[in-house]
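Student: I would like to learn how to read the strands and the core of a protein model. Please take me through them one feature at a time.

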Amino acid sequence: MNLSAYFSLICQGIVMTFAAWICAGLFSLIIGTLLGILSCRRLATSWSSVIIRTYTFIAKGIPAYVQILIAYFVIPAALGLKIPAFLAAVGALVFCSSGYVTEIVRSGINTVSVGQWDACFVLGYSMPATLRRIILPQALKNIMPALFGEFEQLLKTTSLLATIGITELTRSGMNIISRELNPIPVYCMVACIYLIFSGVLQLVMIYIERKGLYGNNR
Amino acid sequence: MVIIDNITVQLQNKIILNNVSCKLSIGHITSFIGLSGAGKTTLLKSIVGLTKISDGSIMIADQELLQLSPLQRAQNVGYVFQNFNLFSHFTVLQNCIDPLLIVGMNYHDASTRARDILDQLQMLDFVDVYPSQLSGGQQQRVAIARSLCLQPKILLLDEPTASLDPINTDILVQILKKLAANGLTIGVSSQDMSFVSKIFDKVYFMQAGKIVEFCDSIEEIKNNVLISQFIVG
């Protein structure tokens, strides 16, 4: 079997995988960070705490696969709307991943000592300045490994998009198999591509860790 | 000057400060002494706004504390924490510069002022060092420098000798006396009798959330049973 004949199909799958991963990763990072900040011990109110904890419970408690199916089949039917598969898929991934990112950011902020908040208060820092200049840079050191782990997991979760007909990497492989009827080399190739992506991501993480690019805590 | 008028602090239905009135005068070191749990730290935290008062008023330089904006408050009152609370991801210089950048000063001016104050506190050789690489005494001098960079009228220090050896305690005594001589209003909470006897100026004795004795002269210490017991032992 000549896999090179399917080069463009594989590339198309890789591009779609990356598009879904980057979009979902970016939005989940933004939403998760905001919710993590709002739910940290210092800033949480009883209402925000209940709402955010309920959200993370749902986002983490329902499998990503089920969330994708709900986003693609249930929500459009309930609202009488036609939602493009890619949008539904990314929406489901963002919903799911944001729950985890929220927990990671919240626990990271909670590890920063209360004294740092108090020091900012007595030095006249506004709350945004406190977060931006003092708290988040210190929290980042603690949350980076977990964040990288979450985004690595998100990359692999994009393979579930195949089930709603999005031609990402896994779906591309399935399409090749349906033509060639030879799954072993195709699935091995798909697995290797995911491994390479994960490996690159881990190398980036190690590089950042060694260079101390996310904080100079000594 | 700080005038504290009948303040009460209640936390979780427990009265921590009960109708406390006192005064911190310009150019003097006012010490609040007493056993643990007497309310010394709560009193200092109330002055800087970290602890909300339930009743009474705190006047700082003729202005009500609650009417000051966070920046005004920071430029009026400096506070040195017992465990210093330096920003661990910043160097010594960055710790001193960052609060100045927050108040809108440009980097060059902020750096000049920070270096000048660090020099006065003999910390200029450590500008590029991170707080965790410093000794307790050095960390404290950086914390004092960070507060002084905002040029406050009042400087409060919570248990400043808690993690200092005798040599660093003596250095701190000299620094505080010099600052007071330059017109700074200083408030100190302490249960270190040796330290208090060295900086003895105006002393309030606190017990169970109340001020029970006041003495403003070492010569009159015999008239104040609790203070003399505390200082003399």
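**Strands and core**

Tutor: Start with a strand pair: β1(B) and strand β4 (residues 55–60) of chain B run antiparallel and are joined by five bridges. Two strands pair if DSSP finds at least two bridges between them. Strands (E, at least two residues) and helices (H or I, at least four) are DSSP runs, numbered from the N terminus. The model is predicted, so local features need pLDDT of at least 70 and side-chain atom pairs count only at pLDDT 80 or more, while totals for chains, interfaces and linings use all residues. Residues are numbered from 1 along each chain as its sequence is written, and chains are lettered from A and ligands numbered from 1 in the order in which they are written.

Student: Which residue stands opposite B:Asp5 in β4(B)?

Tutor: B:Ser57 does.

Student: To which other strand is β1 (residues 2–11) of chain B joined by seven bridges?

Tutor: To strand β2 (residues 14–24) of chain B, and these two run antiparallel. B:Ile7 has B:Val20 of β2(B) opposite. The hairpin of β1(B) and β2(B) has two residues between the strands, and B:Gln12 takes a positive phi near 50° there.

Student: How do I read which way the residues of a strand point?

Tutor: In a regular strand, side chains alternate between the two faces of the sheet. In β7(B), B:Ile154, B:Leu156 and B:Asp158 point one way, B:Leu155 and B:Leu157 point the other way, and all are buried. Buried means that 20 or more other C-beta atoms, placed from the backbone, lie within 10 Å of the residue's own.

Student: With which strands does β7(B) pair in the parallel sense?

Tutor: One is strand β6 (residues 77–80) of chain B, over four bridges; B:Val80 has B:Leu157 as its bridge partner in β7(B). Another is strand β8 (residues 185–190) of chain B, over five bridges, where B:Ser189 is the bridge partner of B:Asp158.

Student: How many residues are in the largest nonpolar core?

Tutor: A nonpolar core is a set of buried Ala, Val, Leu, Ile, Met, Phe, Trp, Tyr and Cys residues joined through C-beta atoms within 7 Å. The largest one has 115 residues, and those with the most contacts inside it include A:Leu93 and B:Leu156. Its largest share, 13 residues, comes from helix α4 (residues 85–111) of chain A. A second, separate core has six residues, among them A:Tyr6 and A:Val186.

Notes:
A residue is buried if 20 or more other C-beta atoms lie within 10 Å of its own, exposed if 12 or fewer, and partly exposed in between; C-beta atoms are placed from the backbone.
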